[in-house]
Amino acid sequence: ANEEAAGLPGTDIHIYALNWSGNTPSLGARIGGVTRPGYDNQPFFTPDGTGLLYTAGDPATGETDVWRLDLETGETIAVTQTPDESEYSPRIAPDGILSYIYQPPGGYAGNVYLHHVESGERVSAEALAPVGYYVFSRRMDFVATFALGEPNRLALIDRTVTPEAVTYLADNPGRTFARSEAGHIFVSIEDENGRHRVHALDPETGELSPRFLLPDTWQDFAVLFNPEGRYAFFAAGEETLQYRSRQQRETFDLGELGLSGVTRVAVSPDATQIAIVAEE
């Protein structure tokens with residue numbers, strides 16, 4: 001089960017305009033989001049820039065479904081409405097298909113699924129279970145997953161062979177699995193002090209390259225290309241948002257905006273909007 005949704009904490013999604021002065025970002029006005037009682041989390045901007053996918057919990061059943069927020073109208077629509085089943089960690093796979101973690105009725109196992117929304121057809125994209133978070137490589141040959149266990153492990157699954165080949169790369173990954181527009185994969189790995197370091201993962205070789213250390217107990221970040229076309233990251237935790245690029249560090253006080261208990265962060269493909277998850 002998704003460890004957060006199991007208890008379904010009350011979380012909201014807040015979307016702010018992201019303004020740029022050269023390569024320096026600033027937070028603009030709040031331009032939307034999802035605020036309702038219960039669990040609304042795991043935001044993912046669709047590649048076409050028109051929508052935000054997210055996971056919504058049903059407080060009565062504890063089950064979760066995938067929803068879509070229309071960024072122009074502010075309307076929310078259920079993408080999956082499955083009694084007795086849960087879907088979470090939604091994203092759009094590189095081939096344009098909706099993907100998520102699927103949890104069967106009464107089951108603990110979770111697999112990565114691909115779902116053709118038009119036909120309703122959905123198929124398991126990998127056999128390893130239970131996994132909680134994931135990201136596909138750009139050609140979808142590989143899927144990097146958060147394999148639940150004692151300890152949790154970072155597992156790289158080769159989907160091109162039968163049966164799939166699973167390589168365990170590290171213990172204690174974080175919950176953010178990000179892929180840049182250029183196809184690079186980023187994950188975090190917890191060190192012996194309980195702090196998470198962001199790493200780049202080359203799915204072809206399984207090689208992990210350390211990038212930077214996240215503050216405190218943070219494990220949530222997003223990768224983007226800044227206006228000069230270079231990699232940059234936003235990281236979030238507690239009441240703070242941080243931006244870092246090769247040249248720059250910027251810190252934003254989210255407490256001033258009334259946000260606390262901040263966790264996940266997502267950035268739109270054109271880097272003009274940022275979604276931040278906070279406690280209700």
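Student: Which strand holds Ser 99?
Tutor: This is a predicted model, where local features need pLDDT of at least 70, side-chain atom pairs count only at pLDDT 80 or more, and totals for chains, interfaces and linings use all residues. Residues are numbered from 1 along each chain as its sequence is written, and side-chain values use heavy atoms, leaving out hydrogens and water. Strands are DSSP runs of E, at least two residues, numbered from the N terminus. Look at residues 98-103 and you'll find Ser 99 in strand β8.

Student: Is Ser 99 buried or exposed?
Tutor: Check its relative accessibility, which comes out at 0%. Buried means under 20% relative accessible area, exposed over 50%, partly exposed in between (1.4 Å probe, protein chains only). So Ser 99 counts as buried.

Student: Which residues does Ser 99 touch, not counting those up to four places away in sequence?
Tutor: Contact here means heavy atoms within 4.5 Å. On that basis, Ser 99 touches Ser 89, Pro 90, Arg 91, Ala 93, Tyr 113, Leu 114, Tyr 134 and Phe 136.

Student: What is the order of strands in the open sheet of 4 strands?
Tutor: Two strands pair if DSSP finds at least two bridges between them. β19 and β20 (residues 231-237) are joined by 6 bridges and run antiparallel. Antiparallel pairing is found in this open sheet, and its order is β19-β20-β21-β22.

Student: Which strands stand at the edges of that sheet?
Tutor: An edge strand here has a single partner, so one side of it is left without a neighbour in the sheet.
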